[in-house]
Structure formats: structure tokens, C-alpha cells
Amino acid sequence: MAAVNLNTIRSTIEGRLATELALSPVIPVVFHNQPSTPTPNSSFVQCLVSFGNNNFLTMGGTTGSSNSVIGVIVMNVFTPKGVGPGANLTIGKRIRDLYNRQVVSGVHFDPPTGPEVVASPAPEGYFQTQVRLTFETFEDL
Amino acid sequence: MAFYRGQQGSVKFDDAGATGVTITSTRSWSLTVEKESLDTTALGATYRANVGGLISGSGTVEVLYTASSADETNVFIEHVNTATDEGLALFELFLDTTGTKKISFDGVITSAEYSATVGEIEVITLNFVTNGDITLGI
């Protein structure tokens, strides 16, 4: 047992999305702290993984004990403006189905929220929705 | 002055009553030790008098379910289902991680509540009563 490796968790989350969106129809995806210049009139997804609360799960010291590690995934879905929400929701469904109630490599994904329409897209010039979900994993020391 | 937090505690148990083994994934424990009071007020007295009577204890241990099957934790969470229970199981409730501050006694697990709630970790709540001496090594 060991302290949780945050990059392993991030890799599990991001890898799952990258693999799915690499399938046809391919959708470009960009993650935290990556340079990206979107192509006008095309679709892309932005995936942001953040770690949040850590809580005691069990009694014990620095060995033989467990913690809960909770985080949130925010995925912004961008599709061309002025052509309706259909294409956007299709991508949103792919993302939603990818994580909904899944348990992957010890990471428990909760039911997603969204896709919710974002009133002021950033960057501008796109139709944007957002899919959010929390996840939990367990650290065994 | 030293203070302690709950995560420094732990629980050991042995159904054979010999050597306590740590119960993994314990979330909490509590023990209430009670002493009966016997009324010895003399007839005509103004103030009531009492002396101490029998001492007993009861409490609760909460364990997170981990599907462990081959250790004392599994014995612990299933011990309520023991057909013949002479109350010889050893309980040790620790207050610190060094393992020197503990309350120990023999006891009987009187009930177990197994529960699963959507979105939450599965918890087993075990209630017990003491059998005989209670040693407060705290």
C-alpha cells in the first residue's frame, strides 16, 4: 500500500476520454495546461481534472489506514455556432456514457451533470456545453 | 498537553479470546460503561443516598465493508451469527496509535447492521455488550 499517485488517477481519467474521442468521428481534445488553437467551425473538447477534498475513511496512522480522495472533471464541449445543439449533444452523450457510474482502475465516477449550455462560450464563436462529474478513489496507506 | 483525534484509535478483536487482531477499515468505535446505583436512603432522611452497584458496558463499532474474507475482520462482522456464544471474545478499543491506551474486555456482539446506500461507502455497524471485567488502561 502506498500514498495515492495523482498522475495515475489523472491518466486514468484523461486516457479514457482520449481513447474514446480518437474513435470515429474523431474529436480533438485538450487537457489542462496544454497549448491549443481551435480550428474555426469545428468541434473540440476541453477536459479539466481537479482534485478536491480528501477525507479520513478509517482509523489508523500513516500505515494500515485509508483516505478518500475526491475530485471533479469538467468537460467543455465546443461545436460550430448557428447549426443547432444536435452535434454538441451527440458528443456530450459520448462523454456522459464514458464515465456514468463507471469504476475504472479504482476510480469511481458519479453520474454526470449536463451537458449544460454555457451562455457565454469561451472562446467565442462556438456553441458550448459543459459536462461535469465528481469522482472518488481510495488511498490505502 | 496531548490531545488525540479519532483516527488515532483502533479496534482489536479475537473470537477465541486470546490475542487481539486489528480490525481493518474501522471507522469509529464507542463504549458506554454504566454503573447501577442502589438507593440506600434511610427512612426519614432529607437527602437521598446511593451506592454503586453492578458495572456493565455496551457500545458500537463501525466497519467499512472491504470483502476481506480470511482475517479477523471477517470473523468480527459475522460473529453475531455465532450459534453458541459464551461471551469469551476479546475486545480491545484503542485510543492512540502507539497501542498503549486501551480499554479491554470480553464481550458479545448483540447486533449487526449491514447497509448499502447509493453513492456512499458500505458500512457495517456492530453493537456489543461486555461480559465480566472491563479494564480501563487509559
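1. Helices (H or I, at least four residues) and strands (E, at least two) are DSSP runs, numbered from the N terminus. On that basis chain B has 1 helix and 7 strands, and along its sequence these follow the pattern β-β-β-β-α-β-β-β. The radius of gyration of chain B, taken over C-alpha atoms, is 18 Å, well over the 14 Å that the globule rule gives for 138 residues, so chain B is more spread out than a compact globule; the globule rule is 2.2 Å times the number of residues to the power 0.38. The C-alpha trace of chain B spans about 65 × 45 × 35 Å along its principal axes.

2. This is a predicted model, in which local features need pLDDT of at least 70 and side-chain atom pairs count only at pLDDT 80 or more, while totals for chains, interfaces and linings use all residues. Residues are numbered from 1 along each chain as its sequence is written, and chains are lettered from A and ligands numbered from 1 in the order in which they are written.

3. In chain B, 7 strands form an open sheet in the order E2-E1-E5-E6-E7-E4-E3, with antiparallel pairing; two strands pair if DSSP finds at least two bridges between them. The edges of this sheet are strand E2 (21–22) and strand E3 (26–39) of chain B, each of which pairs on one side only. As background, strands of a sheet pair through backbone hydrogen bonds, either parallel or antiparallel.

4. A residue is buried if 20 or more other C-beta atoms lie within 10 Å of its own, exposed if 12 or fewer, and partly exposed in between, with C-beta atoms placed from the backbone. By this rule 5 of the 6 residues of E5(B) are buried, so the strand is largely enclosed by the rest of the structure. It is joined by 5 bridges to strand E1 (residues 10–14) of chain B, and the two run antiparallel; here B:Asp14 stands opposite B:Leu90, and B:Val11 has B:Leu93 as its bridge partner. A further 6 bridges join E5(B) to strand E6 (residues 102–115) of chain B, again antiparallel, with B:Gly107 of E6(B) as the bridge partner of B:Ala89.

5. Chain A has 2 helices and 7 strands, in the sequence pattern α-β-β-β-α-β-β-β-β, and its C-alpha trace spans about 55 × 25 × 25 Å along the principal axes. Buried residues make up 28% of the 141 residues in chain A, and 22% of the 138 residues in chain B. Two residues are in contact if their C-beta atoms, placed from the backbone, lie within 7 Å. Of the contacts in chain A with a separation of 6 or more, 59% are between residues 24 or more positions apart.

6. A nonpolar core is a set of buried Ala, Val, Leu, Ile, Met, Phe, Trp, Tyr and Cys residues joined through C-beta atoms within 7 Å. The largest has 21 residues, of which A:Val45, A:Ile73 and A:Met75 touch the most other members. Among the elements of chain A that give two or more residues to this core are helix H1 (6–21), strand E3 (66–80) and helix H2 (86–99). Leaving aside neighbours within four places in sequence, the contacts of A:Met75 include A:Val45, A:Ile95 and A:Val131. A second, separate core of 17 residues includes B:Val11, B:Val61, B:Val63 and B:Phe76.

7. The contact between the chains takes 10 residues from chain B and 9 residues from chain A. The side of chain B that touches chain A has 1 nonpolar, 8 polar and 1 charged residues, where Ala, Val, Leu, Ile, Met, Phe, Trp, Tyr, Cys and Pro count as nonpolar, Asp, Glu, Lys and Arg as charged, and the others, Gly among them, as polar.

8. Most residues other than glycine have a negative phi, and most peptide bonds are trans. The peptide bond from A:Gly114 to A:Pro115 is cis, with omega near 10°, and A:Pro115 is in strand E6 (residues 113–117) of chain A. A cis peptide bond also joins A:Ala122 and A:Pro123, with omega about 10°; A:Pro123 lies in the loop between E6 and E7 of chain A. Phi is positive, near 60°, at A:Asn33, which counts as exposed with 6 C-beta neighbours inside 10 Å. Phi of B:Ala67 is near 65°, and this residue is in the loop between strand E4 (50–64) and helix H1 (72–78) of chain B.
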